[in-house]
Amino acid sequence: MTLADVQPQALQFDCETGNYHTFCPISCVAWLYQKIEDSFFLVVGTKTCGYFLQNAMGVMIFAEPRYAMAELEEGDISAQLNDYNELKRLCETIKRDRNPSVIVWIGTCTTEIIKMDMEGIAPQIEAELGIPIVVARANGLDYAFTQGEDTVLAAMAQRCPTKAESALANPTDTPETKNAFQRLLTFGNKAEEASATKAVDHPPLVLFGSLPDPVTTQLTLELQRQGVTVSGWLPAKRYTELPVVDEGYYVAGVNPFLSRTATTLVRRRKANLINAPFPIGPDGTRGWVEAICRDLGVQPKGLEEREAEIWASVEDYLKLIRGKSVFFMGDNLLEVSMARFLIRCGMTCHEIGIPYMDKRYQQSELALLTQTCKDMGVDAPRIVEKPDNYNQIQRIHDLKPDLVITGMAHANPLEARGITTKWSVEFTFAQIHGFGNTRDMLELVTRPIRRNEALNGLGWEQLVKA
Amino acid sequence: MKLAYWMYAGPAHIGTLRVASSFKNVHAIMHAPLGDDYFNVMRSMLERDRNFTPVTISVVDRNVLARGSQEKVVDNITRKDTEEIPDLIILTPTCTSSILQEDLSNFVDRASLDAKGDVMLADVNHYRVNELQAADRTLHQIVEFYIDKARRRDELPTDKTPEPSVNIIGISSLAFHNNHDCTELKKLMGDLGITVNAVIPEGSFVHDLKNLSRAWLNIVPYREIGLMTAEYLQREFGTPYVDMVPMGVVETAKFIREIQKHLVNQGHACDFEAFIDDQTRFVSQAAWFSRSIDCQNLTGKKAVVYGDATHAAAVTKILSREMGIKVVMAGTFCKYDEAWFRQAVEGYCDEVLITEDHGVVGDAIARLEPAAIFGTQMERHVGKRLQIPCGVISAPIHVQDYPVGYRPMLGYEGTNQLVDLIYNSFTLGMEDHLLEIFGGHDTKEVITKGISSGSDMGWSREGLAELNKIPGFVRGKVKRNTEKFARDRNIGEITVEVLYAAKETVGA
């Protein structure tokens, strides 16, 4: 873009007080222990952490989860007990009972404040127990909600083998076929392969971000259509299958909250980061595939038609939200991508609250947001970092948006005041990535609006006394 | 360090927040890191509260670690004071602030100078007390604060109410069926011709606390919250209190007789015996149930009871004394109240288990093989795994234990509810057992329905593997739709790609 172009209206960035509601980042164990099947997550913290986890995870807690609290007691806080001995004792129990391939220690606010040297202790216990111990400081002092996954993946990125290490460990396997997931995709798929695009020769590509297995399959297939081969995912289904990452490999993120992981892959593993919008919504997915193709020197094809087909297939849902307004209070860092998608769907957006805004990692996503606003002829939203929920609720009362995407702490009170809401955390757990999940995402977004239509005319939208 | 997967009682600050947010127009400010306001989600989700939970965080972040909170806490208090105009702001320490050891009481003193409302520091130690003890303590602290304040201003009423009256102490938010219990207790008092002077903390204003002294009697229906306050009021004003749990027919009668004794002592002639008799035999169905054939069939059946001290003890007595059920084990996680619990269930059960470890409870249940369990949500899941029915009688609980329908546990209607809960648990187990003996229902094979029956569609191995990753409850639908999609397009073999193409096109 040159300066002579009509300048799209610039995004306005604000920063408020940071008095907002979000989940503690230790919540990442809820989805990561399920994703990494041979892991065990040990949260080193207090009753407060445990109480949050057991309530936030709901019924999952009863399924013998592969996570536990190392609950700190007064003796730990006052250093009457030795951190090393205590952690070793607990990890021995975990090894005996569960025999995991990796134990992930999640540091919390308390371990930060008492300055427990987890990174220092881990290698010693790792050597003694013979189980890898990965340390991630996913605490509420520094991070919000989904950023917890970022801290874990950044720590794991350092454990990804190099080609040389991998060859040494598996002399018969090449790194590309080592991944069980890859084997599954290429095994006995001759008929499909004939019609599909021939794989193009390009530098290895590793994707990062934890997604449910069906979604990783879909995104891998999407790239395969363009002739792009995915050599691995961080994280893989098992810790023992972490992908090879060597100098010069290309990496791309699938989620907007993975800045630290991206930084680690670039700085520590000398990988090249493909800066792309995130594959959320058909527009984002297309932008994501295009950016990957561009950086890998592959000519993308058929994407425009594919995007158009998807849009056409969800027209029934688009009708419901076109012209309506949405307000993001902000708590999971998916907000910019979601807003960009919804604006493309024909909604307007006044405010995007977001816990933390990495303008570098989200560069392409922000550019696509700006472009989308221009294309759709709507005002660019105001992006509010570290929002103040109290102020936001005043603004919501003034603006009366058609839909507020917010945490559970505010959802019911807003509904009782006649303001339609959608619970933001659902977008973290639902499948929203790739072309194929567009309908699922719109299903979520339109649900409150469809509910409104179903209950229309009953006259009880306002359910608090004035 | 302790390896822990689950806890029965929450951390101390939860207790403080439960009491603070039960009052009207009281705001709590937690000195805590981001994400510790999960309490708000619980209020909003479990209790389905229409109002914003009056709890905010004064965020502890890196800057606070480096330089201390400085003006931050004071600013947050005065800000909330102007925004919401609360009567009282309670600064609530958390595990994090316990370690930081900042001088929170100094912040409170400074904020009090500017704030129009009152400001107070919750006096609870995270590492010493749990949720329930903290709630008890906080309620006492607030009551004491306002009684002292009224006394200093000479606003303390000196007279009792003309007619006999009671305070009901300990009804709070996020507690097991408390709102229904409160309604039932008020109704019971009404039937006895006793006025309810105050209910605290739920729904009351702090400025009305000075009138607590006007009641003739205090009622503390639960063991966990309210006793400290009742003892304090007895010391201050000589108000006697009844700390019996009116749960079950026998205990409710005892509770009423105890009230009668205190009223008579204070010069109010009353006799509730006729009322008790009428309620027991004709209003409550529980006494009649205990004589019916249904209940006879339960005689000697084995049950395990576990929960907080109040509910576990009461249910143990009901099962054993009012239904002839053999309670093989009664237990509680209220370790700090062990002596009371042991004494309460003495003679009503074979074993007593005092533990906070759900694993120990689960193992005991597996060993004892009861016909039914009465416990918390955790025991319900143990029961699921062992295929033993379970009735939930105590917190910790989930959203389904906040029914909108009227479900008191206390008083005479409570006895009816408990009969249903107990009897339904046992018959379910019995039916299951009979089905097992007679080989189950007649159709064991699930009848395949719709277009997928007799399907000649071929699935590739990977396609099938991918299909099996889809959650069971939608897998059948996805399979049918994908096959229809493939048939419509003359696709011979369903591969992973076809599966997802179908999802995109027809939303399979």
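This section describes chain B, its interface with chain A, and selected residues of both chains in a predicted model.

Chain B contains 21 helices and 16 strands. The C-alpha trace of chain B extends over about 90 × 65 × 40 Å along its principal axes. Of the 508 residues in chain B, 57% are buried. When contacts in chain B between residues at least 6 apart in sequence are considered, 72% link residues at least 24 apart.

The interface between the two chains involves 64 residues of chain B and 89 residues of chain A. About 6700 Å² is buried between chain B and chain A, and 59% of this area lies on carbon and sulfur atoms. On the chain B side, the residues that lose the most area to chain A are Met1(B), Leu34(B) and Phe52(B), which together account for 14% of what that side buries.

One helix pair across the two chains was examined in detail. Helix H12 of chain A, residues 213–225, packs with helix H21 of chain B, residues 496–506, at an angle of about 100° and with the axes 11 Å apart. H12(A) is therefore roughly perpendicular to H21(B), because an angle of 65 to 115 degrees falls in that class. From H12(A), the residues in this contact are Pro214(A), Thr217(A), Gln218(A), Leu221(A), Glu222(A) and Arg225(A). The residues they meet in H21(B) are Val496(B), Glu497(B), Tyr500(B), Lys503(B) and Glu504(B). Sorted by class, the contact of H12(A) with H21(B) comprises four nonpolar, two polar and five charged residues.

Within chain B, Ser22(B) lies in helix H1, which covers residues 12–22. Ser22(B) has a relative accessibility of 2% and so counts as buried, the limit being under 20%. The side chain of Ser22(B) reaches the backbone oxygen of Arg18(B) at 2.6 Å. Apart from neighbours within four places in sequence, Ser22(B) is in contact with Arg43(B), with Ser172(B) and Ser173(B), and with Pro201(B), Glu202(B), Gly203(B) and Ser204(B). Ser22(B) and Met457(B) are separated by 435 residues in sequence and by 60 Å in space, C-alpha to C-alpha.

Two residues of chain A were also considered. Glu16(A) is located in the loop between strand E1 (12–15) and helix H1 (28–35) of chain A. With a relative accessible area of 17%, Glu16(A) is buried. The side chains of Glu16(A) and Arg395(A) are joined by a polar contact of 3.0 Å. Arg395(A) is also among the residues that Glu16(A) touches when those up to four places away in sequence are not counted; the others are Val384(A), Glu385(A), Lys386(A), Pro387(A), Asp388(A), Asn391(A) and Gln392(A).

Ser364(A) is part of helix H18 of chain A, which runs through residues 363–376. The relative accessibility of Ser364(A) is 18%, and Ser364(A) therefore counts as buried. A polar contact of 2.7 Å links the side chain of Ser364(A) to the side chain of Asn275(A). With residues up to four places away in sequence left out, Ser364(A) touches Asn275(A), Ala276(A) and Pro277(A).

Key
Residues are numbered from 1 along each chain as its sequence is written. Chains are lettered from A and ligands numbered from 1 in the order in which they are written. This is a predicted model: local features need pLDDT of at least 70, side-chain atom pairs count only at pLDDT 80 or more; totals for chains, interfaces and linings use all residues. Side-chain values use heavy atoms; hydrogens and water are left out. Helices (H or I, at least four residues) and strands (E, at least two) are DSSP runs, numbered from the N terminus. Buried means under 20% relative accessible area, exposed over 50%, partly exposed in between (1.4 Å probe, protein chains only). A polar contact is a pair of N or O atoms within 3.5 Å; within protein, one must be able to donate a hydrogen and the other to accept it, and residues adjacent in sequence count only if both atoms are side-chain atoms. Contact means heavy atoms within 4.5 Å. Axes are lines fitted to C-alpha atoms, for helices over the stretch in contact, and angles run from 0 to 180 degrees between N-to-C directions. Angles under 35 degrees count as roughly parallel, over 145 as roughly antiparallel, 65 to 115 as roughly perpendicular and the rest as oblique. Ala, Val, Leu, Ile, Met, Phe, Trp, Tyr, Cys and Pro count as nonpolar, Asp, Glu, Lys and Arg as charged, and the others, Gly among them, as polar. Buried area is the accessible area (1.4 Å probe) that two parts lose on being put together, summed over both.
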